[in-house]
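This briefing covers charged side chains and their pairings. Please keep the structure below in view while reading.

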Amino acid sequence: MSPPKVKICLTVNGRTYKRSVEPRMLLADLLRHELRLTGTHVACAHGVCGACTISFDDRTARSCLLLAVQADGARIVTVEGLAGDGPLTPVQQAFHESHALQCGFCTPGFLMTVTEFLERNPSPSEHEIKDAIAGNLCRCTGYLNIVKAVRRAAELIRRNQPGSSVPGQTSEA
Amino acid sequence: MKPPIFEYRAPHSQEETLALLTEYGDEGRVLAGGQSLVPLLNFRMARPALLIDLNRCTDFGYLRLEEGSVVIGPMTRQADAENSGLVREHCPLLAEALTYMGHPTIRHRGTVGGSLAHADPGAELPAVAMALGAEIILAKADGRRSLTPDAFFVDSLVTAIETGEMLCEVRFPVRRHGDRHAFVESGVRRADLAIAGVAAQIRVGPSGTCDKASLVALGGGTRPTRLTSVEAAIEGRNIADIDIGGVARAGREDVDPPSDLQATSEYRRDLLVLLTQRALKKIFGEEAET
């Protein structure tokens, strides 16, 4: 017997959604199946690969380790919310220029992680970059171009000031 | 759906939480940061009848200095403890160990209390709690009790928390004059669960004599493991007279590490000797023989 569904109200990429969910539904599945925001990916389902990374109340979090019911009242940003309908953010642009994706499955998670990282550490060392992305796994690229992309993104952000997009700030659509 | 079916409640206070724990007994499971429990739910290795979510208890996330201890509430996030000026100044071993726990995204949700209550033998905080002699406070509907880490950590993923009880606070003693610390661990990635590690704090007197040595291994057994032989070889000795290599090797007999997919028991034993050496080199610097 399933327990009764729980009503939740949450903001995702600046839009408010009301839904009724089973307590056991993961936030990742709510985003993907209920809200059709399929940019967030589920791979390992236990928090180690980073493909499901989103921003939850202004901090990155694993959406495969959050229940949808925990998102009631929360402000969420997914990869779709980084640029919205606008141009690619500096981080996205850098990934594109640096050929830092192949199949693209891990990319949304990297974008969320890297966007937050560069906001906190705008001029990172090589070592700091590698540490920062250690929580995101990629099976295609071998990481070299991802590291290059992070450096390039830092450069673009420095040049762009102000106007860079970071989690927590959604583009006005 | 990955997790199995469960009922869900999100209490707003300690009283509400304890009432639920008392009512549901072993069928209730507390959800703190979720970074250890939700994986178990997703694998269906945990099948609680009721999930008690502490994330709506707004006064559980405290961190303060009180009577010679850094006092941390049950829902204080690892990231907040790591970034806390109080922790960095008064409990630097804890501050350093926190930077090894997963990586920032995990630490945004993971809690100090939750990591202790989960009691993974490869986790950093249980070893730090034991090395520092932290006080672990448990609450039940009818009152509280305080345990030493030695009493609290029973076995792999098993603590002394009883039915109807929850971890409600942990108190880390502040560092005293002369305390030096080191935290070392080794894993496949920095962000992964460690294969083994050492949390060390040694009090060195003005003349270079070691008054007190506390070294605890993670990954050295089914619970945090005190390196008693290493401690005995250090206490009362002057740094200049300590043979770090010899002292570290003495620790081989203190541990009984598990074998698993990551590493054999022998590998962990050897690794722990190396990590103990590194920790001691960090603490003693150039003053010791190697």
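Helices (H or I, at least four residues) and strands (E, at least two) are DSSP runs, numbered from the N terminus. This is a predicted model, in which local features need pLDDT of at least 70 and side-chain atom pairs count only at pLDDT 80 or more, while totals for chains, interfaces and linings use all residues. Side-chain values use heavy atoms, with hydrogens and water left out.

**Helix H6 of chain A**
- A:Arg159 sits in helix H6 (residues 144–160) of chain A.
- A:Arg159 is exposed, at 56% relative accessible area (buried means under 20%, exposed over 50%, partly exposed in between; 1.4 Å probe, protein chains only).
- A:Arg152 and A:Glu155 form a salt bridge (3.3 Å, N to O), defined as a side-chain nitrogen of Lys or Arg within 4 Å of a carboxyl oxygen of Asp or Glu.
- These two, A:Arg152 and A:Glu155, are 3 residues apart in helix H6 of chain A, about one helical turn.
- A:Arg152 is partly exposed at 22%, and A:Glu155 is partly exposed at 32%.

**Salt bridges in chain B**
- B:Asp150 pairs with B:Arg223 in a salt bridge, with the closest N and O atoms 3.1 Å apart.
- The pair links distant parts of the chain, 73 residues apart: B:Asp150 is in helix H9 (residues 149–152) of chain B, and B:Arg223 is in the loop between strands S13 (210–218) and S14 (225–226).
- B:Arg223 is partly exposed, at 22%.
- One network of salt bridges that share partners joins B:Arg64, B:Glu66, B:Glu135, B:Glu169 and B:Arg171.

**Whole structure**
- Over all chains, 27 salt bridges are found.

Definitions and conventions. Residues are numbered from 1 along each chain as its sequence is written. Chains are lettered from A and ligands numbered from 1 in the order in which they are written.
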